[in-house]
Each structure stands twice: as structure tokens, then as C-alpha cells.
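This report looks at side-chain contacts in the structure below.

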Amino acid sequence: MAKLVKYDVGTNFDNRIFDIIKECDTEHRIKNLYGKLKQDGLPGGRATSIISDLSDDQFVQYIKDCNNLGITFNYLINPLCMGQSEYDPVAGKNIRETIHKLYDMGVRYFTINSPSLIKYVKKEFSDVQVTLGLYAYPVSIQQIEYWRNWGVDELTLDHAFNRNFDLLRTVMKTYKDSDFAMRVIANNFCLKECPYRLTHGAFVGHSDPTAISMDFSLINCTYRKVTNPKAMLTAEWIRPEDVHYYEELAEETGYKNFSLKLVDRTRATPFIERVVKAYLAESYDGNLLDIINWPESKNIVRDSISNSPAGAPNGMPAGGPPMGMGMPAGGPPMGMGMPAGGPPMGMGMPAGGPPAGMGMPAGGPPAGMGMPAGGPPAGMGMPAGGPPMGMPAGGPPMGMPAGGPPMGMPAGGPPPGAPRIRFMEYMNPTFAPIYGRVMNFPKIYIDNKKLDGFMDHFVKHNCANSLCAGTIIEDGMKCDHACDRCGSWVDKVISYDKDEVEAWKQVAETLLNGLPSGAQYER
């Protein structure tokens with residue numbers, strides 16, 4: 001019997017993803033690839049500065065390749081807020097013209113959150129289907145029905161639905177005799193019922209498409225999870241092994257239009273491959289953080305995309321990175337910064353040794369030089385976070401002025417093709433590198449297989465009306481009536497180095513205390 005639960009998969013536009021689908025999706029459960037062009041001028045649910053470049057012709061061919069596999073392509077215009085641009089006399093006209101251009105290129109599926117744009121698209125194109133994105137945050141049946149009557153064909157349910165099987169059962173029964181489709185995001189890693197989600201979504205929607213911004217919300221979210229590991233388990237992810245619960249619910253209710261959205265389109269192809277294989281197999285033996293939206297450097301789009309000319313990484317001239325960039329083959333320049341879900345600053349050193357003028361002796365980096373996610377190399381004697389990216393302990397590299405340029409940038413400014421840091425000209429060089437250090441997260445391991453049986457509680461019990469102890473994360477807070485069921489799993493499934501975590505927290509606290517007061521800028 002064919003599986004009822006389908007998958008929507010984020011794409012970084014690497015053609016290798018088609019090969020992965022051909023190899024693994026023998027039951028044709030992947031119904032959709034989703035993404036957006038970097039140069040479309042439209043906001044989205046992710047900062048566009050790290051999205052892969054793609055020409056119009058390459059995009060047209062990508063849609064054709066999707067269709068040849070029986071897969072649709074869903075184009076994203078899905079920010080939480082568009083800053084009234086859809087009503088602006090100039091910007092609004094550009095948006096509508098872009099939508100028409102995308103239609104002419106072959107797009108027939110859009111993810112949109114703006115009510116006015118939804119109305120426009122549904123009126124303008126009779127053969128286009130619209131998906132409502134997560135940032136609309138529908139949290140009740142009443143809100144779902146409002147949007148269905150507004151004209152959306154598919155709706156992304158709020159994360160609160162993921163483990164609320166009573167509510168899922170009700171909405172599936174309500175729409176089982178219709179073509180109305182619903183989906184949940186399986187592998188996001190947001191705090192349970194996160195109170196900062198609107199702020200974070202608005203931040204991303206208003207991001208400068210040409211630059212990278214310091215993401216306070218992302219660090220705050222990560223800090224809260226690292227400080228209280230219970231919050232890692234109460235986050236509403238769905239393991240591959242738990243997909244069968246949703247399949248059984250769809251069979252029970254007779255609902256045939258349910259899917260799981262797999263993120264993230266800003267991730268490197270090995271990450272997307274790992275996620276696709278795990279969810280199609282409904283099994284993953286390893287660290288749960290390797291298949292959910294944990295912004296670790298190795299998972300970011302930074303390898304060579306096969307659509308790029310001559311195999312060169314996007315934004316980089318053929319032949320590799322410019323001298324002094326401090327970039328591994330296929331990787332971003334040091335000091336990139338991090339948008340929501342995006343890559344950390346400082347990705348290490350190119351093979352063959354340090355770049356000219358970096359001030360590093362042959363034979364390897366000095367102690368404390370900079371650390372990949374997962375912790376310092378053995379014997380380096382470096383705390384989690386390390387010194388500013390691209391700067392050895394004891395001072396700036398040779399050839400760099402006292403104080404150093406912001407964000408690990410080589411003297412003379414960023415090399416051609418390097419991403420621009422927003423407001424870099426105002427940056428305080430003594431504070432800015434902290435962002436790069438904090439993005440080197442401590443190594444944390446969540447044993448996915450040891451979580452077998454974890455979801456059973458949610459299938460049998462509705463936790464929607466109880467206070468979750470995983471959200472009590474302020475010092476001194478107590479509640480006699482909070483549920484700590486997830487907390488009882490922490491020692492069983494999560495492991496980490498306490499000293500490394502404490503060292504990272506100190507760096508994170510410096511940033512979280514400094515950003516609100518403007519400490520990142522020159523005084």
C-alpha cells in the first residue's frame with residue numbers, strides 16, 4: 001500500500017539532489033522541492049545573502065528537471081513581514097512583475113504569507129497553487145478555515161501541531177473529503193512555542209539581501225537550548241522513526257493530503273542527502289543534530305554546487321579563493337557572519353597551509369587559532385569559541401593594522417566575492433569577532449536511536465495545557481505543576497563536555513549582553 005505521508009524538500013539548487021532522489025525515493029514520496037532565487041529582489045524566510053546563485057536559464061532547466069521526476073517546484077515569497085512593499089507604488093509593481101516572470105519561467109506553485117499577494121496570485125493565474133508558509137502561524141482550526149476560504153491550497157501548520165495528536169486528528173477529519181492540503185515541518189529546532197518567533201521572523205524578512213547581519217535571536221535560542229538541554233527535547237521536531245505515527249493518523253482519519261516539510265534550503269548537499277535518506281528510510285543511526293536545523297558550519301551551503309560554472313563555488317572566481325581569504329576549498333570567506341539558520345564566520349584554512357600574510361607559521365595554526373564546530377583539535381589547549389576568527393593568540397596577523405579589521409577580514413578590505421557584513425563600517429573591532437567565536441558551538445550529541453519510545457507519550461497525552469519544564473530556563477524559576485517528562489530523558493540521550501559548554505556560554509553571554517546596548521559598534 002502506498003504511503004499517505006509525502007515530503008517537501010528544500011533545495012540549494014545542486015543538481016546532485018536529483019540523483020539522490022532517483023536513488024532513494026523508490027516509492028515517490030517526495031512531491032515537492034522548494035526554494036527561491038538569490039537575485040529576485042523578494043524577501044523570504046531565510047536571509048538571501050547565503051543562497052546559491054543561479055541564472056534564469058539554469059532555473060528554468062531546474063524546474064523542468066523537477067517536472068521530469070514527477071516533482072513540483074514551490075517558489076518562496078514567504079517572509080513574516082514585507083514592510084508594506086506589496087503596496088508600494090514602485091516595489092509593489094516590481095513584485096507583481098517578478099511573479100509574472102516566474103510564472104513564465106514555469107513556476108506553478110508559490111509559498112506566500114501576504115494576504116494581498118495571495119489574492120493577487122489566485123486571481124491572476126487560474127493554474128497556480130498557493131501554499132501558506134509557517135510565518136503565518138495558523139494555530140487553530142478557525143484560523144485554518146480563514147486561510148482556506150481566502151484561497152490557499154495548502155497550509156503549513158504551526159509547530160504546536162507537531163506533537164498535538166488530538167488537534168491533528170481533528171483537522172485531518174475536518175478536511176478529509178477535500179483537496180485542501182496541510183503539512184508540518186519535521187526537522188526544525190525552534191524552542192517549544194517560542195515567544196521570540198515573530199521578532200526573529202521579522203528580522204529575517206527585513207534582512208539586507210546583499211549582506212549578513214548579526215542574529216541576536218538565533219544566538220539567544222541556541223544559548224537557551226545549550227543552557228538547558230531539556231529545551232532540545234521539547235523542541236517540536238519529528239524523528240524519522242516517528243513518521244509512522246503520522247502515517248497511522250492519516251490512515252485512521254482518511255486524510256490523503258498530509259506532508260512533512262524537510263528543511264533547510266540553505267544547507268549543504270551532504271546535509272540534505274542525509275535528511276532525505278533518513279526520512280525516506282524512517283530511520284537514522286547517529287546524532288539527531290545531524291539531521292535537524294542545528295546551524296553547524298559543516299551543514300551550511302559552502303561546497304561546490306554542480307550548477308555553478310566550472311564547478312566554482314558561488315560568488316568565487318574560477319580557480320579558487322583569492323589569496324588571503326582564509327577559505328577552504330568550496331567554503332566561504334572568514335568572517336562571514338550568520339543570518340537566521342546561516343553559516344558561522346570563519347570556516348578554517350585552505351588545504352596546503354595558511355594564506356599569504358596571515359601571520360601563521362608553517363606547520364599549523366597557533367594554539368587558539370580558531371575552531372571548527374565540534375570543539376578544538378586534541379592538544380590545542382583552546383576553549384570553546386577560541387579567539388577572534390582569523391587572528392592568532394597574541395595579536396593580529398602580520399600586515400594587519402593595530403586593532404585589526406572587523407570580523408577577521410584581511411587588511412585592505414574583503415576580497416572579491418566575499419559577503420558583506422551589514423554595518424561593517426561602524427563595527428567595533430574589539431567586539432565584532434565575538435560573533436564568529438560564538439558561532440563555534442560546543443559539541444553536543446543526541447543519540448537518535450536512544451529516543452525510541454520518546455514520542456509515545458505525546459501520542460497518548462495532550463501536553464498543550466501543561467507548563468513544560470523545558471521552557472523554565474531562567475535562573476531561580478520553579479513550578480510545582482510543571483511537566484518534566486522530557487527532562488527525564490536528558491541524561492539518557494544527550495552527552496556533551498561541561499567545560500566546553502561553560503566556556504561557550506561565557507562567549508555567548510558577552511554577545512547577548514552587548515548587542516542590545518550597541519556594543520558591536522564604535523562609540
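This is a predicted model: local features need pLDDT of at least 70, side-chain atom pairs count only at pLDDT 80 or more; totals for chains, interfaces and linings use all residues.

D8 belongs to strand β1 (residues 6-10) and K31 to strand β2 (residues 30-35), so the pair links distant parts of the chain, 23 residues apart. D8 has a relative accessibility of 0% and counts as buried.

## Other salt bridges

The count of salt bridges comes to 25. One of them joins R169 and E252, whose closest N and O atoms are 2.7 Å apart. R169, at 22% relative accessibility, counts as partly exposed, and E252 counts as partly exposed at 49%.

K192 and E236 form a salt bridge with closest N and O atoms 3.9 Å apart. K192 is found in the loop between β7 (181-185) and α7 (197-205), while E236 is in the loop between α9 and α10, 44 residues apart. Both K192 and E236 are buried. A network of salt bridges links R239, E241, D242, K449 and D452.

## Aromatic pairs

The whole structure holds 24 aromatic pairs. Among them is the edge-to-face pair of Y62 and F73, at 6.4 Å centre to centre and with 85 degrees between the planes. Y62 sits in helix α2 (residues 56-68) and F73 in strand β3 (residues 72-77), and the two are 11 residues apart. Y62 is buried, at a relative accessible area of 0%, and F73 is buried at 3%. Y62 and F73 also belong to a cluster linked by ring pairs, together with F13, F18, F59, Y75 and F110.

W237 and F454 form a stacked pair, 5.6 Å centre to centre with 25 degrees between the planes. W237 lies in the loop between α9 (230-234) and α10 (243-253), and F454 in the loop between β11 (444-446) and α13 (456-460), so the pair ties together parts that are 217 residues apart in sequence. W237 has a relative accessible area of 0% and is buried; F454 is buried at 1%.

## Charges over rings

W237 has a further contact: R163 lies over the face of its ring, at 4.5 Å from the ring centre. K119 lies over the face of W150, at 4.6 Å from the ring centre.

Note on methods: Residues are numbered from 1 along each chain as its sequence is written. Side-chain values use heavy atoms; hydrogens and water are left out. Rings of Phe, Tyr and Trp (its six-membered ring) pair if their centres lie within 6.5 Å; planes under 30 degrees apart count as stacked, over 60 as edge-to-face and the rest as tilted. Helices (H or I, at least four residues) and strands (E, at least two) are DSSP runs, numbered from the N terminus. Buried means under 20% relative accessible area, exposed over 50%, partly exposed in between (1.4 Å probe, protein chains only). A charge sits over a ring if NZ of Lys or CZ of Arg is within 6 Å of the ring centre and within 35 degrees of the ring normal. A salt bridge is a side-chain nitrogen of Lys or Arg within 4 Å of a carboxyl oxygen of Asp or Glu.
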